[in-house]
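Hello,

Here is the structure for your files. My notes follow it.

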Amino acid sequence: MPSANAKSLRTRRHPLIITIDGPAGVGKSTVAKLLATQLGLQYLDTGATYRALAYTALMRGIDPSDERHLVPLARSLQLTLHWSATKGLAVMLNGRDVSRQIRTEQVTEAAAIVAHHPRVRAALVRLQRRLAGDRYLVVEGRDTGSVVFPHAPYKFFLTANATVRATRRHMELAQLHGRTPSVTVIAKQLRERDQRDRIRKAGPLVKPPGAVAVDTSRMQAAEVVQQMLQHLALPARRPSRQGRTCGPDCQ
Ligand code: C5P
């Protein structure tokens, strides 16, 4: 992985993109947001696009396994993501804030199913690239370093052991919704989702070639970010006051 400095940032022909991939519960979102904040970069959560599509499908009574009906929905999804280091990520669907609604267990399950369809993925990968525009950003997901931004100069692949991942997810859900399934139930759900993510034909969960692997099992998010910064050797910048990741119609 190359290192960069302020000069190489200015002369870079392609936008600076740092990809972070890995299975559910490894801490991708926390780490990606921290890294984006420290470097003053935008943040793009590709999982939010699968969740927004799954949510829309459920609202319209479309079966998440019905690729034929999902494809036009994915192509016409009116989604914008607004990221701010202070306010967090706002997921706007047709101008309505659905940030909480897309994090329910029902949507989580449906998102893993819609993500299986190759033509749905192709539409959402196009959307993700549009959302990225030509910004400097940290992007997280399952295939961001392998499919969405294969030419990204910096790639990371996070891992963590199964118990740690289930415990983290349990705490995250408790914070978000109050009620949450047990760690054992979550561990089983994660195993199933991981398996689905790994074996699918389009955009499977893989460590992209050249990505730096980081095992986060015994590390706090801040320590993971420190380790990443050492690999990047980028100068930290002050976070922008209002970082935004917008769709094509976002000013
Ligand atoms: O990361 P998150 O849990 O929000 O992602 C929701 C679902 O979207 C995951 O279960 C995964 O199957 C899918 N996903 C994907 N490719 C990505 C991001 C997420 O398949 N780049």
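**Gln-227 and helix H10**

Gln-227 is partly exposed, since 16 other C-beta atoms lie within 10 Å. Keep in mind here and below that this is a predicted model. Gln-227 belongs to helix H10, which spans residues 221–232.

**The chain overall**

The protein chain has ten helices and eight strands. Of its 251 residues, 40% are buried. Among contacts in the chain with a separation of 6 or more, 78% are between residues 24 or more positions apart.

**The five-stranded sheet**

Five strands make up an open sheet with parallel pairing, in the order S2-S6-S1-S7-S8. The edges are S2 (42–45) and S8; each has a single partner strand, so one side of each is left without a neighbour in the sheet. Ignoring direction, neighbouring strands of this sheet are turned by 20° against each other on average.

Going through some of the pairs:

- S2 and S6 (residues 137–141) run parallel and are joined by four bridges. Within this pair, Gln-42 stands opposite Leu-137 in S6.
- S1 (residues 17–21) and S7 also run parallel, with four bridges between them. Ile-20 stands opposite Phe-156 in S7.
- S7 and S8 (residues 212–215) are parallel and joined by four bridges. Phe-157 has Ala-213 in S8 as its bridge partner.

Is strand S7 enclosed or open to the outside? Five of the six residues of S7 (residues 154–159) are buried, so this strand is largely enclosed by the rest of the structure.

As for what covers the sheet: in the order S2-S6-S1-S7-S8, helix H2 (residues 28–39) touches S1, S2, S6 and S7 as it packs on the sheet. The direction of H2 makes about 175° with that of S6.

**The three-stranded sheet**

There is also an open sheet of three strands, ordered S3-S4-S5, in which the pairing is antiparallel. S3 (79–84) and S5 (96–97) are at its edges with a single partner strand each, so one side of each is left without a neighbour in the sheet. Two bridges connect S4 (residues 88–93) with S5, and these strands run antiparallel. Met-92 has Asp-97 in S5 as its bridge partner. Helix H3 packs on this sheet, where it touches S3 and S4; the direction of H3 makes about 35° with that of S4.

The loop between S4 and S5 contains Asn-94. This residue has a positive phi of about 50°, although it is not a glycine. For comparison, most residues other than glycine have a negative phi. Asn-94 is exposed, because 10 other C-beta atoms lie within 10 Å and the cut-off for exposed is 12 or fewer.

**Helices H4 and H6**

Helix H4 (residues 67–75) and helix H6 (residues 118–132) have axes that come within 9 Å and cross at roughly 5°. That makes H4 roughly parallel to H6. On the H4 side the contact involves Glu-67, Leu-70, Val-71, Ala-74 and Arg-75. These meet Arg-119, Val-120, Ala-123 and Leu-124 in H6. By class, the contact has six nonpolar and three charged residues, and no polar ones.

**The ligand site**

What surrounds the ligand? The shell has 15 residues, and the closest are Gly-47, Tyr-50, Ala-115, Gly-141 and Arg-142. Three helices, H3 (47–59), H5 (105–114) and H9 (183–199), each supply at least two residues of this shell. H3 gives the most, with three residues; H3 is also the helix that packs on the three-stranded sheet, touching S3 and S4. By class, the shell divides into five nonpolar, five polar and five charged residues.

That is what I have on this structure.

Regards

Methods. Residues numbered from 1 in each chain as written. Predicted model: local features only at pLDDT ≥ 70, side-chain atom pairs only at ≥ 80, totals over all residues. Axes fitted to C-alpha atoms, helices over the stretch in contact; angles between N-to-C directions. Parallel < 35°, antiparallel > 145°, perpendicular 65-115°, else oblique. Contact = placed C-beta atoms within 7 Å. Nonpolar A, V, L, I, M, F, W, Y, C, P; charged D, E, K, R; others polar. Near = placed C-beta within 6 Å. Buried ≥ 20, exposed ≤ 12 C-beta atoms within 10 Å, placed from the backbone. Pairing = 2+ DSSP bridges.
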